[in-house]
Amino acid sequence: MTEEALRELERRVARMEAVNACANLMGTYQILHTAARQQEIVDLFALKTPGVRHEAATNIFDGPEKIKKFWLEKMAAQEDDLTGRVNRHDLMNPIIVAADD
């Protein structure tokens, strides 16, 4: 195997690992959301990353404080009583594309 072929194989494996990590993160989010475990959902966000944002339906929450407020206040109030409710996020057919780099 050439040096270039080995580097290409390493890039492909890294991309596959990135896809798997994304799927696991979304699965974790689904489990936590179904159980209304908002603080643990907030902890999934890269809150120290500049430009962090959360999009929910047609709303955009820019920055860590707005993300925390959305989950720990708005969603906590909406999900106070989960009787008869199911949160469903379609994760069985993910469309995840990892950048070449």
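Entry 1: I looked up Arg11 and found it partly exposed, at a relative accessible area of 34% (buried means under 20%, exposed over 50%, partly exposed in between; 1.4 Å probe, protein chains only). The model is predicted, so I note its limits: local features need pLDDT of at least 70, side-chain atom pairs count only at pLDDT 80 or more, and totals for chains, interfaces and linings use all residues. Residues are numbered from 1 along each chain as its sequence is written, and side-chain values use heavy atoms, with hydrogens and water left out.

I then searched the whole structure for salt bridges and found eight (a side-chain nitrogen of Lys or Arg within 4 Å of a carboxyl oxygen of Asp or Glu). Arg11 pairs with Glu4 at 3.1 Å, N to O. Glu4 also forms a salt bridge with Arg7, with the closest N and O atoms 2.9 Å apart. Glu4 and Arg7 lie three residues apart in helix H1, so about one helical turn separates them. Glu4 is partly exposed at 44%, and Arg7 is partly exposed at 36%. Elsewhere, I recorded a salt bridge between Arg53 and Asp62 at 3.1 Å, N to O. Through shared partners, salt bridges join Glu3, Glu4, Arg7, Glu8 and Arg11 into one network.

**Entry 2: Helix H1.** At 1.5 Å a residue, its 32 residues should span 46 Å, and the end C-alpha atoms are 47 Å apart, which agrees (the expected span is 1.5 Å times one less than the number of residues). Within H1, Tyr29, Gln30, Leu32 and His33 are buried. Their cover includes helix H2 (38-42) and helix H3 (64-78). After H1 comes Ala36, with a positive phi near 55°.

**Entry 3: The core.** Which residues form the largest nonpolar core? I listed eleven: Tyr29, Leu32, Ile41, Val42, Val52, Ala56, Phe61, Ile67, Phe70, Trp71 and Met75 (a core is a set of buried Ala, Val, Leu, Ile, Met, Phe, Trp, Tyr and Cys residues joined through side-chain atoms within 4.5 Å). H1, H2 and H3 each supply at least two residues of this core, and H3 gives the most, with four. Leaving aside neighbours within four places in sequence, Ile67 is in contact with Phe45, Leu47, Val52, Arg53, His54 and Phe61 (heavy atoms within 4.5 Å).
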